There are 2 protein chains.
Amino acid sequence: MAKQPATGKQLFQALFEPRSVALIGASGDARKNTSRPQRYLRKHGYTGRIIPVNPGRDEIFGEKAYPDVTSVPEPVDHAFIMVPAKAVQAAIEQCAEKGVPVATIYSDGFAETGAEGRRAQERILEIARAGGVRVIGPNCIGLVSTDPGCAISVNAVLEMPEIKVGPLAIVSQSGSMLGGLLSRGLGRGVGFSKLVSVGNESDLSVGEFADLLVDDPHTKTILLFMETLRDADKLGHAARRAYAAGKKVVVYKLGRSEVGQDLAASHTGAMAGSDEMADAFFRAHGILRVDTLENLFELPALVADQKPSKRHRVAVMTTTGGGAASVVDRLGTLGVEVVGPTDEVVTKLAENNITISKARLTDLTLAGAKKEIYSAVLDALLASDHCDLVLAVAGSSAQFQPQVAIEPLLEADRRGKPLASFAAPHAETSLKLLADANIAGFRTPESCADAIRAWRDWTPPIEQPARDERKVNAATKLLKESGAQLDEYRSGAIFEALGVPRAASEVIKTPEQKVALEFPVVAKILSRDILHKTDAGGVALNIRDADALRTSAAEILQRVRAKHPSANIEGILVQRMEKGLAELILGYKRDPQVGPVVVLGVGGVLAEIYKDFAVRLAPVSVETAKAMIDEVKGLAVIRGYRGMPQGDREALARAVNAFSQLAFSDDVAEAEINPLMVKREGEGLVAVDGLIVRKQA
Amino acid sequence: MAKQPATGKQLFQALFEPRSVALIGASGDARKNTSRPQRYLRKHGYTGRIIPVNPGRDEIFGEKAYPDVTSVPEPVDHAFIMVPAKAVQAAIEQCAEKGVPVATIYSDGFAETGAEGRRAQERILEIARAGGVRVIGPNCIGLVSTDPGCAISVNAVLEMPEIKVGPLAIVSQSGSMLGGLLSRGLGRGVGFSKLVSVGNESDLSVGEFADLLVDDPHTKTILLFMETLRDADKLGHAARRAYAAGKKVVVYKLGRSEVGQDLAASHTGAMAGSDEMADAFFRAHGILRVDTLENLFELPALVADQKPSKRHRVAVMTTTGGGAASVVDRLGTLGVEVVGPTDEVVTKLAENNITISKARLTDLTLAGAKKEIYSAVLDALLASDHCDLVLAVAGSSAQFQPQVAIEPLLEADRRGKPLASFAAPHAETSLKLLADANIAGFRTPESCADAIRAWRDWTPPIEQPARDERKVNAATKLLKESGAQLDEYRSGAIFEALGVPRAASEVIKTPEQKVALEFPVVAKILSRDILHKTDAGGVALNIRDADALRTSAAEILQRVRAKHPSANIEGILVQRMEKGLAELILGYKRDPQVGPVVVLGVGGVLAEIYKDFAVRLAPVSVETAKAMIDEVKGLAVIRGYRGMPQGDREALARAVNAFSQLAFSDDVAEAEINPLMVKREGEGLVAVDGLIVRKQA
């Protein structure tokens with residue numbers, strides 16, 4: 001029977017506060033990497049037992065050494081394995097025998113090298129699982145805890161004299177980046193609680209570490225450096241717990257430029273690549289995603305004591321118009337709203353003989369670079385309800401006269417409002433003062449704007465909307481009746497059952513068959529074997545009467561049979577001809593990484609080229625659907641762009657919500673309505689074409 | 001008669017190497033800003049005469065003071081005016097009387113404050129012009145020269161002990177940012193030759209300063225911080241001279257998020273805002289534009305000894321996969337090509353027992369973090385023809401073991417290839433080593449990627465294509481014959497004369513009139529008074545024969561006369577009905593800032609929303625037109641996107657070139673072809689609708 005692995009507090013202690021650490025493969029040769037951990041452990045304050053394991057030595061650097069971990073007479077809480085790949089299995093077997101709860105594997109040569117390495121990794125994991133050993137790695141550079149000190153790693157970054165203790169924890173999928181991140185954080189004066197490299201993530205994953213850190217009293221913010229998303233469920237769960245505990249999760253994830261990988265039968269696959277899916281995932285769980293590397297360290301102070309805000313109006317004050325404009329300009333490209341002061345603010349300041357303009361940017365100019373003035377204006381902005389975040393941009397004074405533009409920030413009563421500061425000059429001293437006061441200080445205008453953008457995009461974890469029992473059941477029933485492969489007509493019926501109106505439709509089996517529809521109509525070939533109806537000559541538009549329908553239907557059948565002689569034809573789908581203000585595409589997909597997602601965009605090839613789509617985890621509420629509608633640039637065409645009429649956004653939001661309830665069916669792999677025609681305000685919308693693809697059995 | 005102003009070398013000396021500086025409005029109170037210049041001049045090594053001018057004092061800080069500049073017994077090369085706005089006129093009058101060649105006006109309260117201030121500024125300028133005085137400012141914080149030292153400024157940044165001498169000159173439209181820029185540059189170890197704040201730019205402009213700096217032997221790179229573009233001609237001229245002299249001009253310009261200001265009668269105005277125009281201007285003159293502020297200082301070393309490259313393949317090597325990926329990911333979003341090593345490179349290294357993969361990213365991993373290996377790989381990449389730029393990303397070693405990943409860069413034979421370095425950790429010492437060796441070292445992945453993007457976009461100043469005499473003359477003749485306001489038919493004739501084919505067209509005066517065109521045709525109302533033909537009921541499509549044309553034409557006339565009873569109707573334009581692969585929009589505009597520009601995009605409202613257009617100064621060559629076609633994302637629809645057929649890009653490039661020759665006519669304010677239908681490869685294109693707007697007399 002498999003041994004029970006350590007969990008919760010017990011696991012946390014074995015990972016970060018072990019009473020003893022066995023260094024399997026430790027070297028006594030100070031030039032070798034494998035000699036480092038012993039030195040680093042002591043250097044960074046580890047006070048527990050260090051047990052070198054090396055069959056060729058009795059003692060290493062003053063500690064008694066053992067030939068293998070089973071021969072250690074006392075309990076071992078944590079094993080750090082540094083032996084060559086082929087010796088790792090034996091080491092894990094011994095850890096299992098000895099009952100070591102946690103093994104961190106530094107050795108590489110596993111899944112990262114290909115199929116054979118992957119198999120070796122799986123073998124090791126089986127042994128570990130059976131023996132109740134939790135594994136970090138392999139191919140993992142180690143982990144560090146600062147209080148109490150415990151640095152189990154070969155990372156040369158640990159040559160640094162000490163690691164400042166602080167509230168940030170890092171979990172990194174890149175081992176080689178861990179040192180870089182640590183040194184960047186320290187370089188700007190922030191301190192750390194924990195640093196973890198997860199390596200190949202064969203067992204303990206980013207999500208599981210994040211979950212453990214939620215319960216770590218030393219950690220206030222969890223920073224993630226991610227290359228991919230391997231455990232969305234665990235990470236989502238951890239992020240929600242973090243949110244509830246008032247802790248922030250901030251992620252920098254690679255893959256922005258990844259091209260959509262899985263071009264599926266429908267367009268939905270191409271619409272959003274895996275990175276957009278990850279984006280939707282982060283948003284759904286209240287995770288802040290940053291776009292600049294620096295923001296892993298600059299953003300946390302901005303949101304440290306914050307909750308997501310419902311409004312996002314930014315007030316900007318400065319003594320350097322040019323410096324502030326460099327941030328405001330970028331905020332503009334990111335669509336962040338910058339607001340000038342209200343009359344009330346202007347009047348109140350005027351009463352104190354301080355004149356500011358109503359311009360969007362409150363520029364005190366050099367003449368206003370006096371502490372009393374700076375403080376009074378800052379105070380007035382922080383106190384006023386017209387803005388939800390204050391950005392104070394400091395000019396040259398930040399470098400030589402911190403009392404002018406920095407002290408006012410340190411002394412300000414922030415009244416719970418987020419406060420950001422950007423120093424136009426190189427002003428390390430001022431940035432240090434700000435960091436010590438836990439005020440967000442930014443080094444570059446780009447990072448400053450990105451942080452404010454991330455704050456704007458930040459929402460509480462999204463609650464799943466209620467399941468509409470009646471509709472979902474009706475849809476599920478239809479789905480069950482539809483067989484393995486659905487045609488357009490049956491797919492449309494399911495969309496309709498969920499609550500998305502479709503164009504009035506009838507199926508005729510012969511050209512002669514009459515329809516009860518109002519003309520004009522369109523006729524389309526109905527066949528699961530024909531993907532591209534138009535190319536197959538299977539579509540006729542604008543049919544004005546019954547006679548024309550008979551002719552068109554006969555022509556369609558003739559053309560299609562000539563082109564696709566073996567296609568199984570179910571009939572001809574006749575639909576009322578519809579017109580709308582805009583043709584949209586609404587897609588659904590069960591993504592392998594993040595699960596069900598819904599995608600909304602404008603139809604046609606251009607929107608696809610511009611990747612102009614809103615993506616959310618499904619199902620979505622009507623409220624979230626509205627946010628999606630606002631987010632799609634091309635949907636300006638239903639938002640009254642250039643005097644165009646308003647589209648029925650209410651109906652669209654309801655339709656997106658209804659459609660997204662496909663997520664309640666495990667059986668649907670993909671679905672798409674294309675086009676979904678949105679009419680004028682109050683006139684609703686109608687699905688004209690679409691398809692559901694069932695999961696492969 | 002107006003006195004002749006100083007020019008060339010004489011002007012340069014008065015600006016940067018004056019033998020004497022009069023400080024008009026100098027204060028003897030050390031707490032006042034106006035006391036600073038005297039102190040700063042001496043502090044930063046000025047050895048010439050300092051002459052305080054102040055009617056209330058005989059002496060200031062040990063220098064004899066004068067009541068006004070005319071009573072100074074010796075010549076004054078440069079006056080720095082710090083008196084209140086209303087006293088500036090008198091000061092300038094005295095400078096004119098005294099024959100001071102240059103006056104820098106620190107005083108504010110002029111054009112930046114509104115109409116009254118603008119008038120005061122104009123008055124002062126008239127006096128200065130008449131007296132041969134060149135003016136910097138007003139509202140200008142001053143200027144600094146480092147060798148020989150001459151700091152004429154109130155900028156508190158001059159409190160710093162010394163300014164490192166080096167090859168960078170800054171010209172800034174933001175005075176308050178000048179200190180910030182200086183301190184940022186010094187903070188990263190680069191040195192400066194000159195720093196200039198141009199203030200309100202009433203006389204000496206950014207372009208004129210850039211031109212003077214081309215001849216400054218101390219300046220190698222001219223950095224511009226710009227808020228707007230006031231003197232495109234001079235700046236373009238200076239940039240071309242700089243290019244010829246091997247000096248680089250690098251600009252950071254605000255206004256990326258500015259919304260298109262002048263929505264004109266046609267769409268062209270909305271297509272490209274003033275910032276896109278500025279972009280086109282910078283490109284045309286070989287100016288490198290950066291998107292991150294830091295790149296004003298990080299980019300120069302990358303291009304210092306370079307010419308623009310025709311190919312832009314980037315090789316990336318690293319010991320930290322995650323760190324390098326943070327740059328490569330962003331390069332991907334910017335469309336920069338990253339290439340893996342060739343077989344030849346791999347084989348050559350294998351001969352030296354160094355194994356690298358053929359992957360896009362050459363990741364040596366920690367195991368390869370040895371100087372010999374790093375050097376050998378770097379050398380192989382620099383020597384190989386498969387790449388045009390090498391990016392070396394250093395991991396933790398950059399911080400503690402510069403010999404591993406930094407020394408190889410210092411020692412490398414760059415063979416004329418640009419070399420960029422990004423350090424994943426906070427590694428100030430390594431960055432300093434790189435700066436001293438004039439190797440581009442980047443602090444953030446974002447800035448690194450932006451610099452490589454700027455290098456990719458950099459071209460030599462673009463030569464104006466030859467004027468096609470015959471065609472331009474024919475077009476000009478038609479233009480002259482067309483009267484003040486052109487209709488669609490006459491506009492089309494001019495496009496055709498230039499070489500853009502248009503749909504076969506005839507104008508009929510009555511519905512009964514016959515046409516010789518092949519059917520089907522379209523009929524459109526022809527009236528200079530009707531801008532929106534479709535809205536007016538003035539368009540009929542797909543007319544199949546002469547009978548139908550008669551009916552349609554009569555209906556059009558009836559509808560239009562009912563809706564626009566007072567419109568002057570010239571007839572009905574009948575055109576062969578055309579179909580294309582894609583409908584484009586081709587626009588021309590004489591921009592008030594940069595002059596003639598040509599704009600190419602996809603037709604329709606979406607492309608406008610996405611701002612997906614290519615803009616260039618007009619006229620453009622066929623080659624430049626091809627680059628424009630490649631640049632427009634939406635034109636993927638004629639580049640074989642998703643199996644779509646290829647469009648006739650050759651014909652399109654020729655048409656863009658032909659159309660852009662409108663720039664040879666001073667008389668055209670705006671022009672637009674919309675839609676321009678591009679057909680399949682080899683089948684050409686055809687203009688279907690369009691209009692020329694003449695300049696207002």
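1. Gly56(A) sits in the loop that links strand S2 (49-53) to strand S3 (59-60) of chain A, where strands (E, at least two residues) and helices (H or I, at least four) are DSSP runs numbered from the N terminus. With a relative accessible area of 62%, Gly56(A) is exposed; exposed stands for over 50%, buried for under 20% and partly exposed for what lies in between, using a 1.4 Å probe and protein chains only. Ser27(A) is 29 residues away from Gly56(A) in sequence, and their C-alpha atoms are 9.6 Å apart in space.

2. Some conventions should be kept in mind. This is a predicted model, in which local features need pLDDT of at least 70 and side-chain atom pairs count only at pLDDT 80 or more, whereas totals for chains, interfaces and linings use all residues. Residues are numbered from 1 along each chain as its sequence is written, chains are lettered from A and ligands numbered from 1 in the order in which they are written, and side-chain values use heavy atoms, with hydrogens and water left out.

3. As a whole, chain A holds 24 helices and 30 strands, and its C-alpha atoms fill a box of roughly 100 × 80 × 40 Å along the principal axes. Of its 697 residues, 60% count as buried. Taking contact to mean heavy atoms within 4.5 Å, 72% of the contacts between residues at least 6 apart in sequence join residues at least 24 apart.

4. Which elements do the buried residues of H24(A) pack against? Helix H24 (residues 649-660) has twelve residues and reaches 16 Å from first C-alpha to last, close to the 16 Å expected at 1.5 Å a residue, the expected span being 1.5 Å times one less than the number of residues. Nine of the twelve are buried, among them Leu652(A), Val656(A) and Phe659(A). These buried residues pack against helices H20 (488-498) and H23 (622-631), and against strands S25 (582-591), S26 (595-602), S28 (668-678) and S29 (685-687), of chain A.

5. The same surface serves both copies, since 99% of the contact residues of chain B recur in chain A.
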